[in-house]
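Please look at the sequence and the model below before reading on.

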Amino acid sequence: MASVEEIRNAQRAKGPATILAIGTATPDHCVYQSDYADYYFRVTKSEHMTELKKKFNRICEKSMIKKRYIHLTEKMLEEHPNIGAYMAPSLNIRQEIITAEIPKLGKEAALKALKEWGQPKSKITHLVFCTTSGVEMPGADYKLANLLGLDNSVRRVMLYHQGCHAGGTVLRTAKDLAENNAGARVLVVCSEITVVTFRGPSEDALDSLVGQVLFGDGSAAVIVGSDPDISIERPLFQLISAAQTFIPNSQGAIAGNLREVGLTFHLWPSVPTLISENIEQCLTKAFDPLGISDWNSLFWIAHPGGPAILDAVEAKLNLEKKKLEATRHVLSEYGNMSSACVLFILDEMRKKSLKKENITTGEGLDWGVLFGFGPGLTIETVVLHSVATASMASVEEFRNAQRAKGPATILAIGTATPDHCVYQSDYADYYFRVTKSEHMTELKKKFNRICDKSMIKKRYIHLTEEMLEEHPNIGAYMAPSLNIRQEIIIAEVPKLGKEAALKALKEWGQPKSKITHLVFCTTSGVEMPGADYKLANLLGLETSVRRVMLYHQGCYAGGTVLRTAKDLAENNAGARVLVVCSEITVVTFRGPSEAALDSLVGQALFGDGSSAVIVGSDPDVSIERPLFQLVSAAQTFIPNSAGAIAGNLREVGLTFHLWPNVPTLISENIEKCLTQAFDPLGISDWNSLFWIAHPGGPAILDAVEAKLNLEKKKLEATRHVLSEYGNMSSACVLFILDEMRKKSLKGAKATTGEGLDWGVLFGFGPGLTIETVVLHSIPTITN
């Protein structure tokens with residue numbers, strides 16, 4: 001049997017992550033800035049606002065933009081006039097448009113990148129998809145994987161609602177994926193459509209007017225991999241290091257609020273100053289290890305937030321005018337396409353360098369910098385190396401110093417729930433009373449039977465009867481209520497996450513300043529800056545903590561966060577990753593309906609809770625206590641099951657949809673996942689493993705147990721958590737890990753995995769997606 005160390009060494013790549021291909025795409029509809037004021041005020045029926053139109057025209061003239069491409073047409077606005085109003089309920093139609101179009105536009109860019117790369121798409125092992133336009137479950141990543149015909153084992157990372165800095169975020173994410181997984185080829189796609197933010201003018205919202213002037217639609221794709229085969233692949237840029245920081249006390253500087261009227265945009269006038277006053281500190285931290293302090297010696301890829309930002313940065317750093325030429329060109333030709341912009345600029349730079357016959361892809365220079373600026377106020381800094389011989393410290397030496405040696409290890413676990421507890425035995429009475437549905441006697445009997453079969457004793461929920469009295473639309477079946485749901489959850493989700501995080505930090509026992517990365521996951525609400533940013537501030541983490549915010553993944557995401565943390569911890573020496581899952585069902589709670597039995601099942605199963613783990617490689621056993629090692633992680637989706645588990649965010653909140661055959665779909669596909677994960681270890685006896693399975697519901701657990709002939713005790717920890725807390729979506733599997741290590745310690749077992757060496761963690765959710773994590777237990781330490 002292979003050892004953990006042997007598996008770990010075989011998993012990782014040798015060289016730095018490298019961009020191997022780039023593709024870009026835009027919608028067909030083009031608008032020219034010179035006459036955009038006339039167009040905009042006409043299509044929004046605002047031509048009577050003559051003074052505001054003059055002001056808008058001046059903003060257009062100063063924007064340095066010649067043209068933009070936008071999906072939204074005059075015909076669509078005629079058909080859906082609420083989109084063109086200033087503040088009219090319109091999220092439903094906006095979501096319907098963008099959840100269909102975002103993956104399609106992403107596909108166009110991806111196909112161009114794949115064509116340039118020239119390799120079979122079956123070689124794509126990972127997909128990172130980013131958009132600030134809409135949310136859905138299963139997500140745009142899942143839809144794109146199907147549109148492209150990628151292998152169903154492609155490992156996906158879906159980044160919703162990050163904002164303009166996310167062009168840097170996706171490269172930082174892809175870097176860790178490519179370098180920590182030998183042979184990985186990561187398809188990165190950013191796709192943005194402004195249907196979600198478009199609205200008519202108002203005298204009271206000049207920051208919204210600025211957004212209408214600046215933003216355009218576009219998609220960009222890159223393929224990233226380490227150790228390229230130069231006989232068939234053409235390296236373009238190497239990703240040497242990646243960092244993220246947020247500027248203190250600037251939470252509202254750039255912000256977006258998703259409500260029933262769509263996504264509203266907010267901008268402080270001081271944003272150019274805030275960025276320019278903090279950018280040199282980012283440069284210094286990034287380039288000190290390379291001995292570089294002349295910023296004019298670099299090639300520049302800077303997110304073009306607007307001309308004022310570029311002018312302020314240029315002046316502050318005394319940059320030569322030519323340094324931001326590629327950036328200004330993309331701003332001029334396309335506008336601000338949010339996350340997609342920096343990849344457009346990379347494409348422009350390599351093409352320009354080739355045209356001018358420069359000796360490197362970076363305008364003849366060796367080293368470069370890529371900046372993303374966005375909500376938080378967050379700055380992403382990526383150090384790039386063009387394809388040429390390094391003239392200073394070698395890339396290989398720098399790369400080797402970056403990475404950890406051993407496998408990622410869970411070092412601490414914390415969990416938390418709201419105070420309000422509901423008991424399943426009388427939940428039907430409670431639920432039908434608080435939703436004013438007691439007249440539906442037959443449906444109540446049916447609901448009571450669902451509760452009886454759920455195997456749940458109690459759950460904890462943030463939503464109280466008093467809150468429902470105050471906000472009755474939440475308790476209705478389908479009433480507009482997203483605004484109040486969002487207001488509640490965007491405040492409470494980080495707070496509940498904080499409770500679990502503090503417990504994990506306390507158990508870990510080390511200063512919180514040692515936390516280098518934060519992975520936050522929730523299916524409850526979306527906002528910019530996100531729950532990750534809010535939690536970092538609530539905990540007082542360093543402003544340089546590198547964050548990954550995973551919105552709207554669903555129940556499988558307890559596996560996703562561990563897969564993500566594994567790559568972060570193993571690919572960054574000394575990294576300590578705080579992982580937090582926080583779920584509050586305010587977003588899904590609604591009254592009963594005869595026509596929606598799947599919704600009723602959700603009301604019977606879901607509970608609120610948060611869980612946190614700290615993950616790191618090479619633990620210092622004198623001060624840290626290892627609990628479980630993360631040996632490998634994979635993801636697959638079951639073909640033709642897109643609607644099996646789904647969630648749609650609309651003006652009524654998040655609606656939940658479930659096929660009756662989900663238990664069968666999971667049980668019929670789970671052994672293939674096990675075989676692929678454990679073949680390298682020579683393990684085929686599933687009863688020799690300890691089990692952490694997401695408790696989607698008793699029917700799923702029963703089906704898996706029967707299909708694999710599992711002993712009853714194998715799912716004891718899973719069934720215990722389901723009984724005591726219900727289905728807490730992404731947080732569940734970390735609760736089960738906590739239960740298992742405590743139970744193992746209490747039972748005086750030899751290891752944290754019930755006395756066994758090897759274990760498996762499963763996440764099941766929208767897609768239908770299955771996450772599979774191979775765990776290795778640690779000998780029990782009783783201190």
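In this predicted model, three strands form an open sheet in the order β11-β10-β19, with antiparallel pairing, where strands are DSSP runs of E of at least two residues, helices are runs of H or I of at least four residues, both numbered from the N terminus, and two strands count as paired if DSSP finds at least two bridges between them. Because β11 (262-267) and β19 (527-528) stand at the edges with a single partner strand each, one side of each is left without a neighbour in the sheet. Local features are taken where pLDDT is at least 70 and side-chain atom pairs where it is 80 or more, whereas totals for chains, interfaces and linings use all residues. Residues are numbered from 1 along each chain as its sequence is written, and side-chain values use heavy atoms, with hydrogens and water left out.

Strand β10 (residues 254-259) is joined to β19 by 2 bridges, and these strands run antiparallel, with N257 opposite E527 in β19. Is β10 buried or exposed? Since 6 of the 6 residues of β10 are buried, the strand is largely enclosed by the rest of the structure; buried here means under 20% relative accessible area, exposed over 50% and partly exposed in between, with a 1.4 Å probe and protein chains only. In a regular strand the side chains alternate between the two faces of the sheet. Both faces of β10 are covered, with I254, G256 and L258 buried on one side and A255, N257 and R259 buried on the other.

A further open sheet has 9 strands in the order β6-β4-β7-β8-β1-β9-β14-β13-β12, and its pairing is mixed. Its edge strands, β6 (155-160) and β12 (299-302), each pair on one side only. From one strand to the next the twist averages 25°, axes being lines fitted to C-alpha atoms, for helices over the stretch in contact, and angles running from 0 to 180 degrees between N-to-C directions. Within this order, strand β1 (residues 17-25) and strand β9 (residues 237-246) run antiparallel and are joined by 3 bridges, with A17 opposite L239 in β9. Helix α10 (residues 271-287) packs on the sheet and touches β9, β12, β13 (367-374) and β14 (378-386), while its direction makes about 140° with that of β13; contact means heavy atoms within 4.5 Å.

Strand β13 also holds F371, which counts as buried because its relative accessibility is 0%. Leaving aside residues up to four places away in sequence, F371 touches a set of residues including I279, C282, L283, W300, V342 and I379. The C-alpha atoms of F371 and V342 are 7.9 Å apart in space, although 29 residues separate them in sequence. The protein is divided into domain 1 (17-402) and domain 2 (411-777), with bounds that come from an automatic or database domain assignment. Their C-alpha centres lie 31 Å apart, and the contact takes 61 residues from domain 1 and 61 residues from domain 2. According to the UniProt record, an unreviewed entry, the annotation "domain: Chalcone/stilbene synthase C-terminal" covers residues 238-387 and 629-779; UniProt positions are given in the numbering used here, feature names are shortened, and annotations may be inferred rather than shown by experiment. The end C-alpha atoms of residues 238-387 lie 7 Å apart, and that span is 35% helix and 28% strand. For residues 629-779 the end C-alpha atoms lie 11 Å apart, and the span is 35% helix and 28% strand.

In soluble globular proteins, nonpolar side chains tend to be buried together. A nonpolar core is a set of buried Ala, Val, Leu, Ile, Met, Phe, Trp, Tyr and Cys residues joined through side-chain atoms within 4.5 Å. The largest such core has 110 residues, of which F56, L187, F447 and L578 touch the most other members, and this core draws at least three residues from each of domain 1 (17-402) and domain 2 (411-777). A second, separate core of 77 residues includes I19, F299, A340 and V721. Returning to L187, its contacts, not counting residues up to four places away in sequence, include A110, I124, H126, L148, A221 and I223.
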